[in-house]
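Here are my notes for a first look at this model. Please read them with the structure open.

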Amino acid sequence: MIRRLRNAPAALLLSLLLLAGLPSPAPAATLADAVAAIDRAEYGRALALLRPMAEKGHPAAQFHLANLHSLGQGVPVDQPRAAALYARASEAGHLGATRTLANMVLSGLGVPRDEARAVALLERAAAQAEQQAIEEESCD
């Protein structure tokens, strides 16, 4: 094997030596990391962690990011943006997002007030809650 290494180009050897001394990459951030940042009022960090997850379609990340936009934590208050994020999370089955969106639609916060749509969202929330209860019961 030493003979093979002697025949390897010097650049390859140098690269291997340099890589051997580098620390391994940091583990990917998790939703728990983002929620912990929110709990510590580190909203900039929470936003940085949540945005990539939300863009990839993670419903819980979309929900928490919507909360930040709705409450103006780390960003200016933006109810239409919050409603859009709640809607995406709701479509993916996030119960909290569905309930919150229903309240926004019922009150006209960030979206046009629409009682029929609010009722439909509340019915969806009830179905999601029932499904969640069934899933939790089956885990026991």
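1. The buried residues of α6 pack against α5, α7 and α8. Contact here means heavy atoms within 4.5 Å. Buried means under 20% relative accessible area, exposed means over 50%, and partly exposed lies in between (1.4 Å probe, protein chains only). Helices (H or I, at least four residues) and strands (E, at least two) are DSSP runs, numbered from the N terminus.

2. This is a predicted model: local features need pLDDT of at least 70, side-chain atom pairs count only at pLDDT 80 or more, and totals for chains, interfaces and linings use all residues. Residues are numbered from 1 along each chain as its sequence is written, and side-chain values use heavy atoms, with hydrogens and water left out.

3. Which residues of α6 are buried? They are Gln79, Ala82, Ala83, Leu85, Tyr86, Ala89 and Ser90. Seen down the axis of α6, these residues fall within an arc of 165°, so they line one face of the helix. The arc is that of the directions from the helix axis to the C-beta atoms. An α-helix has 3.6 residues a turn, so residues three or four places apart point the same way.

4. Now the length and ends of α6. The helix has 13 residues and reaches 18 Å from its first C-alpha to its last, close to the 18 Å expected at 1.5 Å a residue. The expected span is 1.5 Å times one less than the number of residues. Asp78 caps the N-terminal end of α6. A side-chain oxygen of Asp78 lies 3.0 Å from the backbone nitrogen of Arg81. After α6 comes Gly93, with a positive phi near 100°.

5. α5 is mostly covered, with 10 of its 13 residues buried. Among them are Phe63, His64, Leu65, Leu68 and His69. The buried residues of α5 pack against α3 (31–39), α4 (43–55), α6 and α7 (95–107). The end C-alpha atoms of α5 are 18 Å apart, which agrees with the 18 Å that its 13 residues should span at 1.5 Å a residue. Just after α5, Gly72 takes a positive phi of about 70°.

6. How many aromatic pairs does the structure hold? It holds one. The rings of Phe63 and Tyr86 have their centres 5.9 Å apart and their planes at 55°, so the pair is tilted. The pair links distant parts of the chain: Phe63 sits in α5 (residues 59–71) and Tyr86 in α6 (residues 79–91), 23 residues apart. Both Phe63 and Tyr86 are buried. For the rule, rings of Phe, Tyr and Trp (its six-membered ring) pair if their centres lie within 6.5 Å; planes under 30 degrees apart count as stacked, over 60 as edge-to-face and the rest as tilted.

7. Thr98 is found in helix α7. Is Thr98 buried or exposed? Thr98 is buried, at a relative accessible area of 0%. A polar contact of 2.7 Å joins the side chains of Thr98 and Ser90. Such a contact is a pair of N or O atoms within 3.5 Å; within protein, one must be able to donate a hydrogen and the other to accept it, and residues adjacent in sequence count only if both atoms are side-chain atoms. Not counting residues up to four places away in sequence, Thr98 touches Ser90, Leu121, Arg124, Ala125 and Gln128.

8. The count of salt bridges comes to three. A salt bridge is a side-chain nitrogen of Lys or Arg within 4 Å of a carboxyl oxygen of Asp or Glu. In one of them, Glu91 joins Arg124, the closest N and O atoms being 2.9 Å apart. This pair links distant parts of the chain: Glu91 is in α6 and Arg124 in α8 (residues 115–138), 33 residues apart. Glu91 counts as exposed at 60% relative accessibility, and Arg124 is partly exposed at 29%.

9. Arg40 and Glu42 also meet in a salt bridge (3.0 Å, N to O). Arg40 is partly exposed at 46% relative accessibility, and Glu42 is partly exposed at 32%. Glu115 forms a salt bridge with Arg113, with the closest N and O atoms 2.9 Å apart.

10. Finally, the overall picture. The protein chain has eight helices and zero strands. Of its 140 residues, 29% count as buried. Of the contacts in the chain with a separation of 6 or more, 39% are between residues 24 or more positions apart.
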